[in-house]
Amino acid sequence: MEQTQHILIVDDDREIRDLLGRFLERQGFRVSLARDAREARRLWPLGHYHLIVLDLMLPGETGLDLARWLRGQSNVPIVMLTAMGEETDRIVGLELGADDYVPKPFNPRELLARIRAVLRRAGGEGGERAREPPARLIRFAGWTLEPARRRLTDPQGAEVPLTGGEYELLNVLVERPNRVLTRDMLMDLLHGRQAGPFDRAIDVAVSRLRRKLEDDGRNPSLIKTVRGGGYVLAATVERVS
Amino acid sequence: MLVQAAGLTIHALDRVDLQRIAQAREVSARAFGIWRTMLLAPPDRRRPLLEEADLPPGLAATLDREPAVVPGLPPPPPHLLRLFRVEALMGGPPRFRPRDTLTGMRGDRMLVSLRLPDGDWLNLAIRLTPPRPWHSETFLAAFALMTVAAMGLILWATRRLTRPVRQLAEAADRLGRDVNAPPLPEDGPREVATAAHAFNTMAGRIRRFVQDRTQMLAAISHDLRTPITRMRLRAEFVEDEELRAKMLADLAEMEAMVNASLAFAREESASEPTVPLDLAALARTVLDEAVDSGEAGAEAVSYAGPERLTVRARPVALKRALANLVQNALRYGGVARIRIEPQPGGVVRLIVEDDGPGIPAEALETVFQPFRRLEDSRNRETGGTGLGLAIARNILRAHGGDVALENRPGGGLSAVVTLPG
Ligand SMILES: Nc1ncnc2c1ncn2[C@@H]1O[C@H](COP(=O)(O)OP(=O)(O)O)[C@@H](O)[C@H]1O
Ligand SMILES: [Mg+2]
């Protein structure tokens, strides 16, 4: 890790806030804690935060309001904590531009993995281009991807369910169309680690995704295999905000 | 029906009688008329007049030198004489009375010979045309029409009478499946309306009772999430690796129970829109996610069926239903095989198969009840709430489909899902 990254945790439950803070500190982050939206606004100008962990169920001003306000201030990545089953909150949050969500009761390690993935994505792209506004719809080759709902729709309008891994892979591919992505790059983007010599996870995920996209595995036209070990999404990608 | 048949018979017999009497009246009137004509006409005019006479069926008249009634013929039975009022002929005013009257039977005909004053005989042959009520064309048509009409009437009446009872039975059946079934209409005859009202009141009480309980379940489950989250975080600070792993496993189990209870209490599917969905992709997704989460090895799951199959469904809910069935197959049967079989008529069958011990025949239905688990699953170290099948069935029925369990002849269990196309 290049420098200590600073995370702001906004949660109204004192114990969760403190324990999560200690947990993240142990993982090498710098942490600030806010009990509600007001405190978060007060802390906002005092530090340079790399990421916000935001509980949507806040007393007073809701987490969604705070997320909207934060988006007005900057592109700081936001990971939401949502109550399971509160579909609409989650969707609104993602449409507002939150980067990811973890349902409560969350598994701390799962949350940590999501935080790292979001930071990686934000950091990796940050130098090259400003973060794009979140797309509501992403269209490619007749297919439609709806990030807030993690939903893929085929050219006839039928929803085609994806596993978590398939979705993540497709998401990485549509963000970088017509660019060769080696297995190592994909492993790094998806799991934050290098592909080992026996690591077939990426190939399995690609072949499953091809099947869902009706892309003939022997003669793929959408997700092409590149000689020397890599893949490329051969399609024009249109983003609708 | 019996009443109808009896009614028709009475009607037919009545008709026979009427017909006979009417015929007899006409015959006797005409016979009397002819006698009077013969009596009053000059003797040379009698024969032409008789030939011109237009006689009704069953009556023949001839003018002869001899009587047609010869000695030795059996006398006609009194009821025939009465029927044709032969005595009226004989007992008229003296002026019209024949000099002689002979009666006798020849075959089915009654012969009446009347002697004119000048000695000639007017011979009348009266034959009763056997009334054939069942053969008359109009009668047959009328009979058929009446039968159809009567049957229609009877059906209509019985349906009308039994409809409220049937509606009540259907409503009770619906309530058994779905406490939120719409209420019965409280109209119609007073007794029916009262019964419907009583039923609706009862359904309302049951509904409130169920709602209270599910709300309580939802509240408890909801409130458990904060302590579970805290405990998870605390477990991360436990130094003892083994202890920490055990705590996390317990917490994972608790969370699964909380999630299942919430899913059951909330009926999430109710608010989710119905959209076209690729069922084949959904089946493969559920199986692959079981593999990805480590619940199963890749070789333990398989899919057989069409590459793509679009149905109309609520994706999140249907996925949960299938995931519950797959989870059971893996947990209790070691493997999960999904087959999709589109049926003629658009219905889709989806079967989740395993190679486990199956379920005793008498428990194949009861395991669908909430919190119902079989003895050996309770004793085994398999966490579970007993809500999986109840949730799956709720969801599938809300889709207009269903799920049932069957033991496979070769061993193992099949969960058979049906979905409307
Ligand atoms: N595939 C199966 N093979 C054998 N028994 C099963 C199977 N599926 C379900 N059962 C039995 O039915 C019970 C109820 O299942 P379910 O409603 O999913 O609850 P849970 O899995 O939480 O116990 C289980 O406890 C188990 O005894
Ligand atoms: Mg189960």
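A residue is counted as buried when its relative accessible area is under 20%, as exposed when that area is over 50%, and as partly exposed in between. In this predicted model, A:Glu214 has a relative accessible area of 49% and is therefore partly exposed. B:Arg308, with a relative accessibility of 21%, also counts as partly exposed.

These two residues are partners: A:Glu214 forms a salt bridge with B:Arg308, and their closest N and O atoms lie 3.1 Å apart. The pair crosses between chains. On the side of chain A, A:Glu214 sits in the loop between helix 8 (201-212) and strand 10 (223-226). On the side of chain B, B:Arg308 sits in the loop between strand 6 (301-304) and strand 7 (310-313). Over all chains, the structure holds 45 salt bridges.

A salt bridge within chain B links B:Glu255 with B:Arg232, the closest N and O atoms being 2.7 Å apart. Because B:Glu255 lies in helix 7 of chain B and B:Arg232 in helix 6 of chain B, the pair ties together parts that are 23 residues apart in sequence. Both B:Glu255 and B:Arg232 are buried. For B:Glu255 the relative accessible area is 16%, so this residue falls under the 20% limit. Helix 7 of chain B, where B:Glu255 is found, covers residues 241-266. When residues up to four places away in sequence are not counted, B:Glu255 touches A:Pro105, B:Ile228 and B:Arg232.

Helix 6 of chain B (residues 190-235) also contains B:Met231. The relative accessible area of B:Met231 is 33%, which means that this residue is partly exposed. B:Met231 and B:Leu248 are 17 residues apart in sequence, and their C-alpha atoms are 8.7 Å apart in space.

Further charged residues of chain B were also examined. B:Arg397 forms a salt bridge with B:Asp402, with 3.2 Å between the closest N and O atoms. B:Arg397 is partly exposed at 31% relative accessibility, and B:Asp402 is partly exposed at 22%. Salt bridges that share partners join B:Arg337, B:Arg339, B:Glu341, B:Arg349, B:Glu353, B:Asp355 and B:Arg408 into one network.

On the surface, B:Arg159, B:Arg160, B:Arg163 and B:Arg166 gather in a patch of positive charge. One of these residues, B:Arg160, has its place in helix 5 of chain B, which covers residues 137-177.

Note on methods:
Residues are numbered from 1 along each chain as its sequence is written. Chains are lettered from A and ligands numbered from 1 in the order in which they are written. This is a predicted model: local features need pLDDT of at least 70, side-chain atom pairs count only at pLDDT 80 or more; totals for chains, interfaces and linings use all residues. Side-chain values use heavy atoms; hydrogens and water are left out. Patches are made of residues with over 30% relative accessible area and no salt bridge: like charges are joined within 9 Å, nonpolar side chains (Val, Leu, Ile, Met, Phe, Trp, Tyr) within 5 Å. Accessible areas come from the Shrake-Rupley method with a 1.4 Å probe; for residues, only the protein chains shown count as cover. A salt bridge is a side-chain nitrogen of Lys or Arg within 4 Å of a carboxyl oxygen of Asp or Glu. Lys and Arg count as positive and Asp and Glu as negative; His and the chain ends are not counted. The place of a charge is taken as NZ of Lys, CZ of Arg, CG of Asp or CD of Glu. Helices (H or I, at least four residues) and strands (E, at least two) are DSSP runs, numbered from the N terminus. Buried means under 20% relative accessible area, exposed over 50%, partly exposed in between (1.4 Å probe, protein chains only). Contact means heavy atoms within 4.5 Å.
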